[in-house]
Amino acid sequence: MKILVTGGSGFIGSNFVRHVLATHPDHAVVNLDKLTYAGNPENLRDVESDRRYRFVHGDICDAAAVRDAMAGADAVVHFAAESHVDKSNLGADEFLRTNVSGTFTLLDTARELKVGRFVQVSTDEVYGSIARGAAREADLLNPSNPYAASKAAGDLFARSYWTTHGLPVIITRSSNNFGPYQYPEKATPLFITNAIEDRPLPLYGDGRNVRDWLYVLDNCEAIDLVLHRGRDGEIYNIGGGTEVENAELTRRILRLLGKPESLIQPVRDRPGHDRRYALDSSRIHDLGWTPRHSFDAALEATVAWYRTHEAWWRPLKSGQFKAYYARQYSNR
Ligand code: NAD
Ligand code: DAU
């Protein structure tokens, strides 16, 4: 199978590309990535020489680049996105462009080229905050922030290409991923790396917001399963089944690093901060997936990875990142 992966140089995409090359000797991967601030060639340095892997530097909003990269692909797995909620709260233009217009460009090209499978990688954020119980795939979309709204719009376009054009689209909606190669703007790598640097860990609001944590390698296995055995036109929730309050996650990270809780710095809440996400994942469980990694073991492995990969994350926390950090966290 020849797969076009978009956003393969980002966090989940790079883990997925590595997973596919390691587990499917007969598969080839083309990675189309614009290399935004979140895309990093270092994430896939180890597979660069694999003859089954090809990197294409390009924008998913550029129809000609997309057509070239997609030519001959049996399937598309679409990760490319602006992915950070706080950034979308500061300005959402790029979110609209990439997550909606870019997704449309990919869908339309896939239809033209008659691609056999299109996996739209989406998020539990499209359901909005879940006070009780767990979101099911047929639930109404109720996104709270501009990032989530842009992902919901992409999902609706993807659905429409299935119902109207018969493009074999599948949507995955996963909960919060954590693991190696995550850009340090996100809570887990930010807190781990700040703690290593003995810097404050900025915890939003009362710290009691709940996220359902999913180890990135478990998500890659789920997406792989959906790609090969999912049903056309279906949506699959992918939840880790581990609901943890942010304050508890923060304390666990500090404990794993042997750092004091005095590093926790309560700061003003994120506007529109969803209180809780929770997914009903029975559909993908029925397909044969369940997370293989326990939260405790995966968090320990993740902390160990950032500890031993300072050369990967230290350069990312300089320059542009410092300006973002000052804007995001000053006056909080
Ligand atoms: P990321 O920000 O780490 O990576 C995004 C990648 O997309 C980068 O490599 C970037 O260069 C690339 N990209 C951005 N705009 C592009 C464009 N216009 N053209 C081509 N490439 C472009 O994101 P991530 O955390 O790995 O998330 C990947 C996907 O999974 C996203 O669609 C996101 O919405 C979804 N998702 C993420 C999580 C999570 O917890 N991280 C959970 C659920 C769903
Ligand atoms: O739920 C899936 C989503 O998970 C994905 O769709 C997004 O792409 C991904 O970024 C992630 O979104 P979150 O907003 O949940 O992740 P983030 O790591 O930014 O924040 C996790 C929680 O931690 C959230 O409740 C906000 C809080 N937080 C975050 C940051 C960056 C803090 O308390 N302090 C912080 O500095």
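Predicted model: local features only at pLDDT ≥ 70, side-chain atom pairs only at ≥ 80, totals over all residues.
1. Ground rules. Local features need pLDDT of at least 70 and side-chain atom pairs count only at pLDDT 80 or more, while totals for chains, interfaces and linings use all residues. Residues are numbered from 1 along each chain as its sequence is written, chains are lettered from A and ligands numbered from 1 in the order in which they are written, and side-chain values use heavy atoms, with hydrogens and water left out.

2. Ligand 1, contacts. There are 28 residues around ligand 1, and Ile12, Asp33, Ser83, Tyr147 and Lys151 are the closest (a residue is near if one of its heavy atoms lies within 4 Å). With Ile12 a polar backbone atom is involved, 2.8 Å from a ligand oxygen (polar contacts are pairs of N or O atoms within 3.5 Å). On its own, ligand 1 has 830 Å² of accessible area, and the protein covers 97% of that (Shrake-Rupley method, 1.4 Å probe).

3. Ligand 1, shell. S5 has the largest share, with three residues.

4. Ligand 2, contacts. Of 25 residues around ligand 2, the nearest are Asp124, Tyr147, Asn176, Arg270 and Tyr329. Side-chain polar atoms of Arg270 and Tyr329 each sit 2.6 Å from a ligand oxygen. A backbone N or O atom of Pro202 is 2.7 Å from a nitrogen of the ligand.

5. Ligand 2, location. Where does ligand 2 lie relative to domain 1 and domain 2? Domain 1 (2–177 + 214–238) and domain 2 (180–211 + 242–325) both contribute to its shell, so ligand 2 lies between them (bounds from an automatic or database domain assignment). The shell has 10 nonpolar, eight polar and seven charged residues.

6. Largest pocket. This pocket holds about 270 Å³ of space, and its lining includes Lys34, Glu82, Asp93 and Arg327. H4 gives the most to the lining, three residues. Six of the lining residues are charged, four nonpolar and two polar. (A pocket here is an open set of points on a 1 Å grid, with a 1.4 Å probe and protein on both sides within 12 Å along at least five of seven lines; lining residues have an atom within 4 Å of a point.)

Definitions and conventions:
Points joined across faces, edges and corners; volume = space filled by probe spheres on them. Helix = DSSP H or I, 4+ residues; strand = E, 2+ residues; numbered from the N terminus. Nonpolar A, V, L, I, M, F, W, Y, C, P; charged D, E, K, R; others polar. Polar contact = N/O pair within 3.5 Å; in protein donor to acceptor, adjacent residues only side chain to side chain.
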